[in-house]
Amino acid sequence: MKAWILDEPRKLRLQEFSPTALTENKVKVKIEEVLLSSSDFAIYTGASKRTYPFVFGRNAVGVVSDTGDKTNSLLQKMDRVVIEPYIPCDACTECKEGDYQSCSNMQELGHNCNGLLQNFIDLPYTLIHKLPDNLTTDRALFVSYVAFCLNVVDALNLEKGRHIAIFASTKTGLILAQLVAYYQAVPVFISNVDALLDMARDMGIFYCFNPEKTDVEHEIMMITGGRMCSELVFFSDSDFKMQDVYDAAAVNANICLAGYSSKDSKLSVAQICEKHLKIFGVYNGAGNYSSAINLLVTNTVNIDALLGDALNFDSLDRSLADINPEDLILKSKIIKIN
């Protein structure tokens, strides 16, 4: 077994381990591909702090190498699978009530515990999802992104015809915009990255604005007939003035803070109270993996434009040293494990 260990920012070490004994409730997965996203790269550079040593990598696809329960397991050797990185604690009030998605002590592989940048891993059955034959390995790497955006959609309780403002500096916003349109609401995609706006238009998103070049409040007032947006999504790792979000919001609007970030955005209590805004957070895709797989299989969500170049696992330390973080804004890279 091999894993890349991050000893300090930008310092990777490839370490070999002895094979682990597989317990009854676990599956051994041979990891074939790991997605390298902007969030992963921020951990690598130290922009997103972690306790070292650390193994990053949150999104991976592989094949079943062995199962702990060969008699009753629904998974078979060589089944293609995607790994769900969210591990509920089973001890908090939410978990005891069966609401695992809201676990207050959720661990996430590659975020707050060691991740998937390794060639083999033993995981509970509950984190392993079998992939259909007509979903390619590369596209399956985005299952967690689609599941996360589905949780945002569920939290918003979308209504047909409603305008939904999406503030995003990363490609995850493009996935959410496609889902909003699929559920027959109207996405208004707002980004300070012109290339993302161009991609959104290519995906059929009609309303696309750059707040640094356009008066977003005026534009939304025009397209909503002065009603503004009753539902808004602000991706927490984005670079926007919160004032733009408040200006786009209708009275009694719901604002979803999506994802997690080390960035500190100041919220105006006065403006929240003045407009009676409801603010809540969604930060994972737990509970929606099966639906996400189906949406990718049917091409309801198209992520082909978000797939970037391949990197070799064995020479990853040299490859990462040459990457420009701006290259990952539009396209994630794929780490191939032989």
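Q: Which residue's side chain makes a polar contact with the side chain of Asn-192?
A: Some ground rules: this is a predicted model, where local features need pLDDT of at least 70, side-chain atom pairs count only at pLDDT 80 or more, and totals for chains, interfaces and linings use all residues. Residues are numbered from 1 along each chain as its sequence is written, and side-chain values use heavy atoms, with hydrogens and water left out. A polar contact here is a pair of N or O atoms within 3.5 Å; within protein, one must be able to donate a hydrogen and the other to accept it, and residues adjacent in sequence count only if both atoms are side-chain atoms. At 2.9 Å, the partner of Asn-192 is Ser-169.

Q: Is Asn-192 buried or exposed?
A: Asn-192 lies in the loop between β11 (186-190) and α6; helices (H or I, at least four residues) and strands (E, at least two) are DSSP runs, numbered from the N terminus. The scale is relative accessible area: under 20% is buried, over 50% is exposed, and in between is partly exposed (1.4 Å probe, protein chains only). Asn-192 comes out at 18%, so it counts as buried.

Q: Where does Ser-48 lie, in terms of elements?
A: Ser-48 is buried, with a relative accessible area of 15%. Its side chain has a polar contact of 3.0 Å with that of Arg-50. As for location, Ser-48 lies in the loop between α1 and β4 (60-67).

Q: How many residues of α5 are buried?
A: The buried residues of α5 include Thr-172, Gly-173, Leu-176 and Val-180. What covers them includes α4, β10, β11, α6, β13 and α10. The rest of the structure largely encloses α5 because the buried count, out of 11 residues, is 9.

Q: Which strand holds Cys-256?
A: Cys-256 has 0% relative accessibility, so it counts as buried. Contact means heavy atoms within 4.5 Å, and beyond four places in sequence Cys-256 has contacts that include Val-152, Leu-232, Phe-234 and Phe-280. The strand, covering residues 249-258, is β14.

Q: How many disulfides does a search of the whole structure find?
A: A disulfide needs a pair of cysteine sulfur atoms within 2.5 Å. The sulfur of Cys-208 has its closest cysteine sulfur in Cys-229, 13 Å away, which is too far for a bond. Both cysteines count as buried, Cys-208 at 7% relative accessibility and Cys-229 at 0%. The disulfide total is 0.

Q: What volume lies in the largest pocket?
A: The search uses a 1 Å grid over the protein atoms alone, and a pocket is an open set of points with protein on both sides within 12 Å along at least five of seven lines, whereas a cavity is a set where a 1.4 Å probe fits but cannot get out. Grid points are joined across faces, edges and corners, and the volume is the space filled by probe spheres set on the points. For the largest pocket, that gives about 1000 Å³.

Q: Which element gives the most residues to the lining of the largest pocket?
A: Lining residues have an atom within 4 Å of a point. There are 42 of them, with Ser-38, Ser-39, Thr-170, Asp-237 and Tyr-260 nearest the centre. Elements giving two or more residues are α1 (38-45), α4 and α12 (327-330). With 6 residues, the top contributor is α1.

Q: How far apart in space are Leu-141 and Gly-173, C-alpha to C-alpha?
A: Leu-141 sits in the loop between α3 (137-140) and α4, and counts as buried at 2% relative accessibility. Leu-141 and Gly-173 are 32 residues apart in sequence, and their C-alpha distance is 16 Å.
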